[in-house]
Amino acid sequence: MSRTIWVTGASGYIGSYLVDAFSNNKGFHIIPIGGRSGHSNWSGDLTSDDFVCQLVTRNGIPDIIIHCAGNKNVKWLESNNKQARTDNAEMVVNLCRLAPTAHFIFISTDHVFDGMQGFYKESHRPNPHTVYGKSKYLAERYLRRHSKKATIVRTSAVFDRYAAFPAMLLSAWSENKVVSCFSDVFYSPLYLPCFYDGLAAIIDKVHLGTVHLGGERCSRVEFAQKLANVAGISSSLVDTSRSLSSNDIYDLSLDSTASWNSLGMTTPQLSRSLLDMWSIG
Ligand SMILES: NC(=O)c1ccc[n+]([C@@H]2O[C@H](COP(=O)([O-])OP(=O)(O)OC[C@H]3O[C@@H](n4cnc5c(N)ncnc54)[C@H](OP(=O)(O)O)[C@@H]3O)[C@@H](O)[C@H]2O)c1
């Protein structure tokens, strides 16, 4: 019998990809839940009790919720604390309260860490410095306390060629422009299809708790250089001299080795991911 998955944030970057990817998987019946801008059959404001009740009444409680809805606008949220809590934590509370038996998969972030150390393991104590990170951590804490069936999936920048950073690089290079990238900002970007693979394994194994799904740790410069390499772009179009001026957040990378291994996989390698991405065209 097929299991029902609600994918929230179905009009967003990650959610829209997951809807397509899981729809190709015969074991699942997918219900895409769009956002307030209303692109899908089931679109609305998930911070509203009425909307979530309507979803449950009409569709029943799903087996799984992959919660991709949220607000990731880190800069804007710095001066919109209340909105951060509404968009990133209240939605989680609503869904968990009104669909308590679903396996709740929450897409969280590397921003729950302070970025002063890097290569964070699942066991590291979060210490978010941004309003965005604090609101996501609030949701994590709620789930840990109130849900018996939750997986908190922390990820770093999820990418394909349409994600902001690679798209910006490719667009600039197409006009032969040099791009200046930080050599001292580190993260662990993860190729979108690998993210899907990780989530599919989490669902398959009903893997609960906190999971890190990141890719290989690299700097922004390293990412740009590797992308230039697979795209046949001259390395002279990557300016490697830019660096942070203050002791700011500089390393949010995740050590995801244990989580990938527990799912029967290994941390995806960046060069391999970029090659796969490039070969798709
Ligand atoms: N992309 C990444 O690299 C990355 C990395 C780490 C973590 N994450 C997390 O993953 C999640 C998804 O990321 P994304 O890149 O797909 O974000 P996105 O493209 O900005 O999509 C966000 C989605 O959330 C929906 N949404 C926002 N508020 C809502 C509300 N009140 N009710 C219903 N839907 C609402 C939006 O729909 P409307 O605009 O129509 O309301 C949109 O579909 C985010 O929560 C983010 O924190 C993303």
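**Close-up 1. Leu 143 and the residues it touches.** In this predicted model, Leu 143 touches Val 92, Cys 96, Phe 104, Phe 106, Ala 150 and Ile 152, where residues up to four places away in sequence are not counted and contact means heavy atoms within 4.5 Å. Leu 143 has its place in helix 5; helices (H or I, at least four residues) and strands (E, at least two) are DSSP runs, numbered from the N terminus. Leu 143 is buried, with a relative accessible area of 1%, where buried means under 20% relative accessible area, exposed over 50%, and partly exposed in between (1.4 Å probe, protein chains only). From C-alpha to C-alpha, Leu 143 and Ile 202 are 17 Å apart in space, and 59 residues separate them in sequence.

Residues are numbered from 1 along each chain as its sequence is written. Because the model is predicted, local features need pLDDT of at least 70 and side-chain atom pairs count only at pLDDT 80 or more, while totals for chains, interfaces and linings use all residues, and side-chain values use heavy atoms, with hydrogens and water left out.

Close-up 2. Of the 25 residues around the ligand, Ser 11, Ile 14, Ser 37, Lys 72 and Tyr 132 come nearest, and a residue is near a molecule if one of its heavy atoms lies within 4 Å of it. The residues of this shell divide into 10 nonpolar, 11 polar and 4 charged; here Ala, Val, Leu, Ile, Met, Phe, Trp, Tyr, Cys and Pro count as nonpolar, Asp, Glu, Lys and Arg as charged, and the others, Gly among them, as polar. Helix 1 (13-23), strand 5 (103-109) and helix 5 (131-146) each supply at least two residues of the shell. Oxygen atoms of the ligand are found 2.9 Å from a polar backbone atom of Tyr 13, 3.5 Å from a polar backbone atom of Gly 9, and 3.1 Å from a backbone N or O atom of Gly 70. The ligand taken alone exposes 890 Å², and the protein buries 87% of that, with accessible areas coming from the Shrake-Rupley method and a 1.4 Å probe.

**Close-up 3. Thr 109 in strand 5.** Thr 109 is found in strand 5 and is buried, with a relative accessible area of 4%. The side chain of Thr 109 makes a polar contact with the side chain of Asp 110 at 3.0 Å; a polar contact is a pair of N or O atoms within 3.5 Å, and within protein one must be able to donate a hydrogen and the other to accept it, while residues adjacent in sequence count only if both atoms are side-chain atoms. When neighbours within four places in sequence are left aside, Thr 109 is in contact with Tyr 132, Lys 136, Arg 154 and Thr 155.

**Close-up 4. The largest nonpolar core.** In soluble globular proteins, nonpolar side chains tend to be buried together. A nonpolar core is a set of buried Ala, Val, Leu, Ile, Met, Phe, Trp, Tyr and Cys residues joined through side-chain atoms within 4.5 Å. The largest one has 54 residues, of which Phe 22, Ile 66, Trp 173, Leu 199, Leu 213 and Phe 223 touch the most other members. Helix 7 (residues 192-205) gives this core its largest share, 8 residues. Apart from it lies another core of 26 residues, including Ile 31, Val 92, Leu 98 and Ala 150.

**Close-up 5. Helix 1 and Ile 30.** The buried residues of helix 1 are Ile 14, Gly 15, Leu 18, Val 19, Ala 21 and Phe 22, and what covers them includes strand 1 (3-8), strand 2 (28-34), strand 4 (64-67), strand 7 (158-159) and helix 7. Ile 30 lies in strand 2 and, at 13% relative accessibility, counts as buried. Not counting residues up to four places away in sequence, Ile 30 touches Ile 5, Val 7, Val 19, Phe 22 and Ser 23.

**Close-up 6. His 212 in strand 11.** His 212 lies in strand 11 (residues 209-213) and is buried, with a relative accessible area of 0%. The side chain of His 212 reaches the backbone oxygen of Tyr 120 at 3.1 Å. Beyond its neighbours within four places in sequence, His 212 is in contact with several residues, among them Phe 113, Arg 154, Asp 255 and Trp 260.
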